Amino acid sequence: METDLAHDLETLHREAVALKAAADAATRTYDRETWIRLALVFFPVPFIIVLLRLHLEAWGYYVAGGLLVASAALLVALDGAAAAKRDRAVQAAERARKAYDDARAAR
């Protein structure tokens, strides 16, 4: 009985450590990809406007503004999905750690 409890406790601990590592990796990935998405959304449209400012008609600025708003909306959608994925990984790690702490306290 004692060895089963110790084995289960060790299994819970390994699972908590693995989920914590996965949550840390998900957080690092989210942080890195957020900057990339931000640069891909807010750099190209203004850069093209600066390059073509002497050749654009008035309607071109409206189109560019619409593209900037659309790309910002896309960024918000992509970032929300990525943040939800990161949050799920962090919550799973917290639940595993709490289960391990509860099992260790009950021992």
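Reply: A residue is called buried under 20% relative accessible area, exposed over 50% and partly exposed in between (1.4 Å probe, protein chains only). This is a predicted model, in which local features need pLDDT of at least 70 and side-chain atom pairs count only at pLDDT 80 or more, while totals for chains, interfaces and linings use all residues. Residues are numbered from 1 along each chain as its sequence is written, and side-chain values use heavy atoms, with hydrogens and water left out.

Ala83 has 14% relative accessibility and therefore counts as buried. Ala83 belongs to helix H3 (a helix is a DSSP run of H or I with at least four residues, numbered from the N terminus). Between the C-alpha atoms of Ala83 and Thr27 the separation is 8.7 Å, although the two residues are 56 residues apart along the chain.

Arg37 lies in helix H1, which covers residues 2–42. Arg37 is buried because its relative accessible area is 14%. Leaving aside residues up to four places away in sequence, Arg37 touches Tyr30, Leu75, Leu78, Asp79 and Ala82 (contact means heavy atoms within 4.5 Å).

Glu10 is likewise found in helix H1. Its relative accessible area of 39% is the reason why Glu10 is described as partly exposed. The C-alpha atoms of Glu10 and Arg104 are separated by 9.7 Å, and these residues are 94 residues apart along the chain.

Helix H3 also packs with another helix. Helix H2 (residues 44–52) and helix H3 (residues 58–106) meet at an angle of about 165 degrees, and their axes are 9 Å apart (axes are lines fitted to C-alpha atoms over the stretch in contact, and angles run from 0 to 180 degrees between N-to-C directions). H2 and H3 are therefore roughly antiparallel to each other (over 145 degrees; under 35 is roughly parallel, 65 to 115 roughly perpendicular and the rest oblique).

Finally, the count of aromatic pairs comes to 1 (rings of Phe, Tyr and Trp, with its six-membered ring, pair if their centres lie within 6.5 Å; planes under 30 degrees apart are stacked, over 60 edge-to-face and the rest tilted). Phe43 and Phe47 form this stacked pair, at 5.2 Å centre to centre with 20 degrees between the planes. Phe43 counts as exposed because its relative accessibility is 52%, whereas Phe47 is partly exposed at 40%.

Methods
Helix = DSSP H or I, 4+ residues; strand = E, 2+ residues; numbered from the N terminus.
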